[in-house]
Amino acid sequence: MGNQEFERSPVTANRLQPARHFAASYAGEHVAGTEFVIGAMFVTWGVGTSDILFGLLLGNLLAVLTWALVCAPIAVNTRLTLYAYLEKIAGPGTIKLYSIVNGALFCVLAGTMITVSASAVRILFDIPPQVNWYPTSTGFVVVALVVGAVVVAIAAKGFKRVAQFAEVCAPWMILMFFAGALALLPLLASMTPGIDSISSFAEFKIAADQYIWVASSNSELGLWHVAAFAWVCNFAMHGGLSDMTVLRFARRANYGYFSALGMFIGHFAAWICAGVMGAGAAILLKTSVAALDAGEVAYQALGAAGIIAVIIAGWTTSNPTIYRAGLAFQSLNPKWDRVKVTVVTGAVTTVIACFPFVFSKLMDFVSIMGLILAPVGAVIVTEHWLFPKLNLTRYWSSYEKRYTNWAAVIAWGGALIVALLCYSAGVHQFFLIIPSWIAATLMYILVARMMGAARQHPAEQQQQVQQQQRRIEAEQRFLDNLDVEHTASDEIATGGGLTLLKWLAIASLIACAGLAIACAQNKIALDVFQRWLIWPSLIYFVTATFWAIGRDKQESAQVNARVVAHEQQQA
């Protein structure tokens, strides 16, 4: 993809990415270091096991449907970043305000991920856990700066490199969450009266009710709060449409369903596994989960491999987050270079990462972030889908050369006021996005109509339709051609040395899983499991990385050949 990230224009057909990049991106981004934080924090909520399990299932299903049915179709239809499309709808004045707010929020979120990675590295240097809002160790600051530098270097490479990094890391990361939970199950069983081992869901639930998700009569939270949090914690990405930035590269709109890999593996299974690891680590260290950081939790469960897991988990999430933040700030001035902006953004993010306040207040922050950005998503969805049905003109503000679409700004601000009033009336913060979204939609329709959205602009509208049709037709021809082509070089990419590397990587993952199962069945001790787990893990990263590099080189050659053939055919 080079440096062509299409910051201002639609992504061209030959630059669209295959399904596996999105599967890896979502799995990598949402099976992350923050899952150690959030999964462990659920332990402190005082919500019972059944409410946690069923609440997460419901909330993550809603999140997947929002990605697949709202965000992905708009991204694929326009092929634009959120920032380019919002500017088209709401004008340069609005996008400048939004980009500053959005970019700043993503910087804080990415800073959390870097903090999580640094929480693992600090174990190697015997730096104490950072559980205050400010750093208490100069060594931790140095570690955070070094970790941040690596993250920024990857993010600056663009979407394809970010996705490739996640593609290598995601399978191992997913396995580590399951492995850590399995390894600590015997400990939980030994602490639970009447249970010798955990070999069924019923036995797991008995142990979980006593030592993991202990229901409290004083807790104000329940199933619906868990479901709402699972939905709103990524609302900025799906309902707020920030993931248009990623999904505009998708060949098909149904790639939005790949978010299920992130939600049900990451925000369901990984949160459950992190809860098990957090409870187990607290028992081993005779302390509370709240006193532990992600690095300590993973280290107690996985040993040295846990340190690597948290480092990489933080990277796979902070990489795309800094990438998004860089695009947000770059949209302030089209002349700014995206790579340079991303580097500066990453530097600011890394400084934020030195202050662990984002780590300790993560669950509150992600819900507030979704709430702040949700009304803008409502404005875009309203203009994109509802305006044509209401006989209002899509892109009316752009056609009238308005610098700022005040209808959008009023709807955004008004929706936040409605949310504040609802919160004052006792509505829990996890539920505020619903009245906020509804208010933004209604206000935007009414105010936009009063400001001139009902006026027709036939010449501009006709030109817009023709441009859209030409782009879609050219894209469809390219994709149809791509689907039917099976050249000899396609077979080379899966043969020879690359095949050997692939199977060595798979065998390494199987070895990791085998060690975890043996530990869960008490065939090997926890310390033996931790000592040996690091070796197949290292073998996996070496073989998987070289396999991915070799395969992508061959695939790039194939795609370039197709592009040349496509251009010759068009000529």
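How many cavities of 30 Å³ or more does a search of the whole structure find? I got five cavities of 30 Å³ or more. For the search I used a 1 Å grid over the protein atoms alone, where a cavity is a set of points that a 1.4 Å probe fits but cannot get out of, and a pocket is an open set with protein on both sides within 12 Å along at least five of seven lines; lining residues have an atom within 4 Å of a point. Grid points are joined across faces, edges and corners, and a volume is the space filled by probe spheres set on the points.

**Ground rules**

I am working with a predicted model, where local features need pLDDT of at least 70, side-chain atom pairs count only at pLDDT 80 or more, and totals for chains, interfaces and linings use all residues. Residues are numbered from 1 along each chain as its sequence is written, and side-chain values use heavy atoms, with hydrogens and water left out.

I checked confidence (pLDDT, the predictor's confidence in each residue, from 0 to 100). The protein averages a pLDDT of 85, and 91% of the residues score at least 70. For residues 485–493 I noted a pLDDT below 50, and this stretch has 10 contacts in the model beyond near neighbours in sequence. Contact here means heavy atoms within 4.5 Å.

**Largest cavity**

I read off a volume of about 150 Å³ for the largest cavity. Its lining has 15 residues, and T34, L109, M113, N234 and H267 lie nearest its centre. The elements giving two or more residues to this lining are α1 (19–30), α2 (33–42), α4, α12 (304–330) and α15 (362–389). Helices (H or I, at least four residues) and strands (E, at least two) are DSSP runs, numbered from the N terminus. I found the largest share, three residues, coming from α2.

By class, I counted seven nonpolar, six polar and two charged residues in the lining of the largest cavity. Ala, Val, Leu, Ile, Met, Phe, Trp, Tyr, Cys and Pro count as nonpolar, Asp, Glu, Lys and Arg as charged, and the others, Gly among them, as polar.

I followed up on N234, which sits in the loop between α8 (223–232) and α9 (244–247). Is N234 buried or exposed? N234 counts as buried because its relative accessibility is 7%; buried means under 20% relative accessible area, exposed over 50%, partly exposed in between (1.4 Å probe, protein chains only). Leaving out residues up to four places away in sequence, N234 touches H30, W67, M263 and H267.

I listed L86, T94, Y98, V376, V379, A408 and W412 as its lining. Here α4 gives the most, with three residues. The class count is six nonpolar, one polar and no charged residues.

Next I looked up how α4 and α17 pack. The axes of α4 (residues 82–124) and α17 (residues 406–424) come within 9 Å and cross at roughly 30 degrees. Axes are lines fitted to C-alpha atoms, for helices over the stretch in contact, and angles run from 0 to 180 degrees between N-to-C directions. A90, T94, L97, Y98 and V101 in α4 meet A408, V409 and W412 in α17. I classed this contact as seven nonpolar, one polar and no charged residues.

**Largest pocket**

I got about 600 Å³ for the largest pocket. Of its 28 lining residues, K88, R394, Y395, Y399 and Q464 are the closest to its centre. At least two lining residues each come from α3 (49–78), α4, α16 (396–399) and α19 (458–484). The lining splits into 10 nonpolar, 12 polar and six charged residues.

**Phi check and α11**

Most residues other than glycine have a negative phi. Which way does phi of K286 go, positive or negative? K286 has a positive phi, near 55 degrees, in the loop between α10 (259–285) and α11 (294–302). K286 counts as exposed because its relative accessibility is 76%.

N522 also went on my list, with a positive phi near 60 degrees. I placed N522 in the loop between α21 (496–520) and α22 (526–570). At 52% relative accessibility, N522 counts as exposed.

Last, I noted that α11 is mostly covered, with eight of its nine residues buried. After α11 comes G303, with a positive phi near 70 degrees.
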